[in-house]
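Me: I would like to go through some of the labels attached to this model and see what each one rests on. Please set the value against the criterion each time.

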Amino acid sequence: MDAGRSFSGNERNCFFINMGNGKFADISGLSGLDFPDDGRAISVTDWDNDGDLDLWITNRNAPRLRLMRNDTKKVNSFISLRLRGNGKTVNKDAIGARIEIINGKDSGKFKQIQTLRAGQGFLSQSSKWIQFALNETIESINIKISWTDGTVSKIEDVLPNKKYIIRQENSTAEEVKLESEKNNLVSSPGLKTPPSQVARIPAITLFKGPTINLRKNGIEKQNNKNKSHQLINLWATWCAPCLQEMAHFRDHKKTLIDNEVELIAVNVDELDSQNDNSKKPSDVIKKMNFPFPSISANKQLMEILQRIHDQSVGLNEPLPIPSSFLIDPNGDVSVIYKGPVNVEQIIKDLRLSSEGFITRVKAAAKLEGSLIKNPKATQRLLEHEASIHRRHAINWYSAGDLRGAINHFEKANKLVPDSKQLSSQLASVYFAFATQMDRQQMRETAINHYRKGLVIDPSNNAARNNLAWILATSANQDLRNAEEALIVATKLNADTGNKVPQVLDTLAAAQAANGQFTKAAKSAEMAISQLKNSSKLKQTIQNRLNLYKNGKAFLQSTNKK
């Protein structure tokens, strides 16, 4: 579907007539139902209460809904029945009951049988009124109902051309008067919108956009750390709509600046060497007196923007020129504009990404209306969105990008905070990223993520030990927190039974950081005693023991533990 291929095969409606000899004839063309629609579901009901069956048809394409009213000339008669179960041994809708009708005067030549079902066909439920077509010569009928609890009701001499309710308790047919007024609907032609490359696409799922570093003239995958929105506008010197749009941006410079929109024009001429109408971008910018920065696009940037588009839009087509991406202060793409966009629309869209998921869903709808206000429906929306973020988080994690994984796991966890699975996965990625940052000596970031992970999973001993170690031994005085390190290490050592060498080593470092050198030496000696064989760790702890005996704490400086 994303590639533009047909998902369904363009399933036109078919109509078959029963020939009465075990065969059917295709009369789709004669039926009036053979539209060039991509049909989905058909529901059968006597919509206008005239005794014949009408059809409601849904399609995947336009028109989404058709009412096919049966206005054929009446020749025969009918009878319509609605069953009511007792609500105890038979469900109140009597689903599963079997109805048999016979001619009241000549039962040997006429019989029809129908079963009341809960669903009929794909994504459809026809009326629970069971309707039988009758020959006009039939003056009365006998009805036999086999209920799902095994009981049987029989009703005789029922008149045709009427609607009846039959209740299991009394086995009588209660006539229901036909409505005097028909449900008149005004028909309308199917609206056909001509294909267009101009579209405004508010994002439902928020994906990180690229941040353009103007000083380096390159692309960095990082958050937009300032408070402004960023508008990345793709343009070309040979594109007349681009130049008109840029002139519009120029004329509304003050509005963009006042609303803290940082506009960056990205020229794509160098990516399209085949175009003979290209000009020197700097000459065009100068002649236009364009007041915003402009850089040349590269393949990396275009691949990122195209990927964001393809993740947000069902049909994965190449981006047209011009196109623009509105990026919020958190670095998320909030709106994609395909084709020219005016400043007034951009200003209206600035709050979209911060309005919350449900508001974004409504804003992204192509038709005006309201969402179903049901807690279960809302929860299902949130769970589905969370599953999308979880899938992307796993993909980022597999690719080795832990920042990207954290971004999507955090969004998934925020949508469904009660999910233990999501919380556990988020904590695991926090710990993995903290360890990675510690190895790269970015220990402030490591501390922050160890703490975030421990809020979710306070029983992770490896994370507790690593956090206490950094807090006790960091050479950076601003990061070192000897008191907290001692609290964490002491509790951890108690939880692990005073038996884990690595934990005892951390406890010794924390004790020394607090000036408790005698205790530190004792903890270090105990750690060494737990290491029976000579090892690198054993020698390392011995070296630290010598420091403690001399009244010195251990600081790791640029060395890693």
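Me: What makes β4 and β5 a pair of strands?
Reply: The model is a predicted one. In it, four bridges join β4 (residues 54–59) to β5 (residues 65–68), and the two run antiparallel. Pairing requires at least two bridges, so the label applies. Within this pair, Trp56 stands opposite Leu67 of β5. The two strands form a hairpin, with five residues between them.

Me: How do you know that β14 pairs with β21?
Reply: Six bridges link β14 to β21 (residues 332–338) in the antiparallel sense. The criterion is at least two bridges, therefore they count as paired. Lys208, for instance, has Asp332 in β21 as its bridge partner.

Me: Why are β14 and β19 called edge strands?
Reply: The open sheet has six strands in the order β14-β21-β20-β17-β18-β19, with mixed pairing. β14 (199–208) and β19 (294–296) each pair on one side only. Neighbouring strands in this sheet are turned by 25 degrees against each other on average, direction ignored.

Me: Which helix packs on this sheet, and which strands does it touch?
Reply: Helix α9 (residues 402–415) does, touching β14 and β21. Its direction makes about 100 degrees with that of β14.

Me: Why is Leu371 called partly exposed?
Reply: Its relative accessible area is 32%. Buried means under 20% and exposed means over 50%, so Leu371 falls in between and is partly exposed. Leu371 lies in the loop between α7 (357–364) and α8 (375–398).

Me: What does Leu371 form together with Ile358 and Leu381?
Reply: The three form a nonpolar patch on the surface, with about 190 Å² of accessible area together. Patch members need over 30% relative accessible area, and Leu371 has 32%.

Terms used:
Residues are numbered from 1 along each chain as its sequence is written. This is a predicted model: local features need pLDDT of at least 70, side-chain atom pairs count only at pLDDT 80 or more; totals for chains, interfaces and linings use all residues. Side-chain values use heavy atoms; hydrogens and water are left out. Axes are lines fitted to C-alpha atoms, for helices over the stretch in contact, and angles run from 0 to 180 degrees between N-to-C directions. Contact means heavy atoms within 4.5 Å. Patches are made of residues with over 30% relative accessible area and no salt bridge: like charges are joined within 9 Å, nonpolar side chains (Val, Leu, Ile, Met, Phe, Trp, Tyr) within 5 Å. Accessible areas come from the Shrake-Rupley method with a 1.4 Å probe; for residues, only the protein chains shown count as cover. A salt bridge is a side-chain nitrogen of Lys or Arg within 4 Å of a carboxyl oxygen of Asp or Glu. Buried means under 20% relative accessible area, exposed over 50%, partly exposed in between (1.4 Å probe, protein chains only).
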